[in-house]
Amino acid sequence: MTLFERMILGHYLNKKQAQSNPTKWPTINILYTKVADLTLEMKSWYNYQGEDNPYRHFKVDLTYENDVTVFTQSTNLLTNEPSCSWKFGYFDGWWFGELDGDCILRNTKVVSEVQFDGQVYRSLDTGYDAETGKFAWGKLPEEGMFEFVRLNNARTLDYTLTDNVRNED
């Protein structure tokens, strides 16, 4: 397993942040699992809606330029459409990710960034109307990033999968 996979795979929750200001920060879960060599699955859901009702669900294909540079191409599993490409770089114990070029989805310009160190996962996603440039959804950069903590829960993650079949307990 690569450093990137070891540091991103897992179940994350922003419980502390959400409890600090519930009207600003909804409680969100993020789950990264390995489904095949060079393929991850990422799912995000609001705590009150449950894992079976994600608002984001992606298949993420990985391409390694080297040990510290990773490119991803995602497919939205809710719509079965291609999604934004990402590039990640590793520096000083953290992976930093940003969109690889412009990303326009459904007439919305997406601006996103991610940071993770194996325990903390931070993200900021913002959508702007592609024609007017006006804020459409997500968080504005001045609001800050969502901050998630990796859970040490009973969920068993199979890090060794090499085929397209995922083990589920």
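The following legends describe close-up views of a predicted model.

**View 1. Strand β1 and its buried residues.** Strand β1 comprises residues 10–13 and is covered on both faces. G10 and Y12 lie on one side, H11 and L13 lie on the other, and all four are buried. In a regular strand the side chains alternate between the two faces of the sheet.

**View 2. Pairing of β1 with β2 and β12.** Strand β2, residues 28–36, pairs with β1 in the antiparallel sense, over four bridges. Strand β12, residues 146–150, also runs antiparallel to β1, and this pairing has two bridges. Y12 takes part in the two arrangements: Y12 stands opposite I30 in β2, and Y12 stands opposite R150 in β12.

View 3. Helix α1 spans residues 3–8 and includes I8. Because its relative accessibility is 2%, below the 20% limit, I8 counts as buried. With neighbours within four places in sequence set aside, the contacts of I8 are Y32, L40, F116, Y121 and R150. A separation of 9.2 Å is found between the C-alpha atoms of I8 and L31, which are 23 residues apart along the chain. R150, listed here as a contact of I8, is the residue of β12 that stands opposite Y12.

View 4. S44 belongs to strand β3, which covers residues 39–46. The relative accessible area of S44 is 2%, so this residue is buried. Apart from neighbours within four places in sequence, S44 is in contact with N29, I30, P54, Y55 and R56. Of these, I30 is the β2 residue opposite Y12.

Terms used
Residues numbered from 1 in each chain as written. Predicted model: local features only at pLDDT ≥ 70, side-chain atom pairs only at ≥ 80, totals over all residues. Heavy atoms only, no water. Buried < 20%, exposed > 50% of the residue type's maximum accessible area, 1.4 Å probe, protein only. Contact = heavy atoms within 4.5 Å. Pairing = 2+ DSSP bridges.
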